[in-house]
Amino acid sequence: MSRRVAIDSARMAWWLTAWLGGRISPDDLFAAVLDGDAAHHVTGLDGGTEPEPLLLALGPIRRSGAVSAGLALPVAGDLVGLGGPAGFNALALAAGEAVVLAGAGLGLVPHRAGAGVVWQAVPADRRPLDDLGTADRNLRRSISASADALVDLDVARWRPEVADELMSLHRSPSYAAPAGTPSRAVDLAGRASQALAIVDLALADDGAAVSARQAQARTAALQPLARAGRRAMVAACSPEVWPPEPA
């Protein structure tokens, strides 16, 4: 499964938020988060140290005071979605993703364990995020600028998959979301995942670059797109920046 649908924390953030809001059942949440994995477990809730199945962990998550779940996709130099403490930031940075439980002061950091995932619960805070409109505009600007730069670098000659992805940017991909997720968030997540897929593909084979200078130019062209893509995905999967629902 491609990165556009395989970020564990993006699925967890959307579907856990829907469950906390009473829009889906625990079984719906479990099936969506599992997504073909053998199992998901959670450790660190209620002071426990042993992993417990995700379905059994929902009770402690509810009791923690959580009202929604938001995504974090940090990289060095851009800890988007993270507000500390240092221990949580370090774990999330190492994993490249995490979930922050609003109202609970907790974060969930995923770790692949064989055919499953173990989520480590630790104290966590959130820093302010871009709203959907800001994230959308920044992503559109970055897509346009990076696409032009990649064309100038003749990416299609050595990485035709990137050219295919660039051609598909005018279409919003299908992106499964739970009931009640704003359509703007679903659309933004789809385009953000496309942008991140382009970055992954374009950087997948440095040996194909004509020269070190070209490799550096390609990286420079993609850094703004990667940053905008991460921030757009975080906004799309973080309810605190969604527009208010109609009364």
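In which sense do strand β1 and β2 pair, and over how many bridges? I looked this up first. Strand β1 (residues 40-43) and β2 pair in the antiparallel sense, over two bridges.

**Ground rules.** I noted that this is a predicted model, in which local features need pLDDT of at least 70, side-chain atom pairs count only at pLDDT 80 or more, and totals for chains, interfaces and linings use all residues. Residues are numbered from 1 along each chain as its sequence is written, and side-chain values use heavy atoms, with hydrogens and water left out.

**The sheet.** I took helices (H or I, at least four residues) and strands (E, at least two) as DSSP runs, numbered from the N terminus. Two strands pair if DSSP finds at least two bridges between them. Strands of a sheet pair through backbone hydrogen bonds, either parallel or antiparallel. I found an open sheet of six strands with mixed pairing, in the order β2-β1-β6-β5-β4-β3. Its edge strands are β2 (52-53) and β3 (68-72), each of which pairs on one side only.

**Two hairpins.** I followed β4 into β5 next. These strands pair in the antiparallel sense over three bridges, and L101 has L106 in β5 as its bridge partner. Their hairpin has three residues between the strands, and G103 there takes a positive phi near 90 degrees. I then went on from β5 to β6. This antiparallel pair has eight bridges, and G107 stands opposite V122 in β6. The hairpin of β5 and β6 has two residues between the strands, with G114 at a positive phi near 65 degrees.

**Helix α5.** Which residues of α5 are buried? In α5 (residues 86-95), the buried residues are F88, N89 and A92. They lie on the same side of α5 because they cover an arc of only 100 degrees around the axis, the arc being that of the directions from the helix axis to the C-beta atoms. An α-helix has 3.6 residues a turn, so residues three or four places apart point the same way. The face turned away from the buried side of α5 carries the exposed residues A86 and A94. I counted a contact as heavy atoms within 4.5 Å. The cover over the buried residues of α5 includes β4 (98-102), β5 (106-113) and β6 (116-123). Just after α5, G96 takes a positive phi of about 80 degrees.

**Helix α3.** In α3 (residues 26-34), I listed L29, A32, V33 and L34 as buried. Their cover includes α2 (8-20), β1 and α4 (54-63). D35 follows α3 and has a positive phi, near 50 degrees.

**S142.** Is S142 buried or exposed? I located S142 in helix α6 (residues 132-152). S142 is buried, with a relative accessible area of 13%. Leaving out residues up to four places away in sequence, S142 touches P224, L225 and A228.

Technical notes: Buried means under 20% relative accessible area, exposed over 50%, partly exposed in between (1.4 Å probe, protein chains only).
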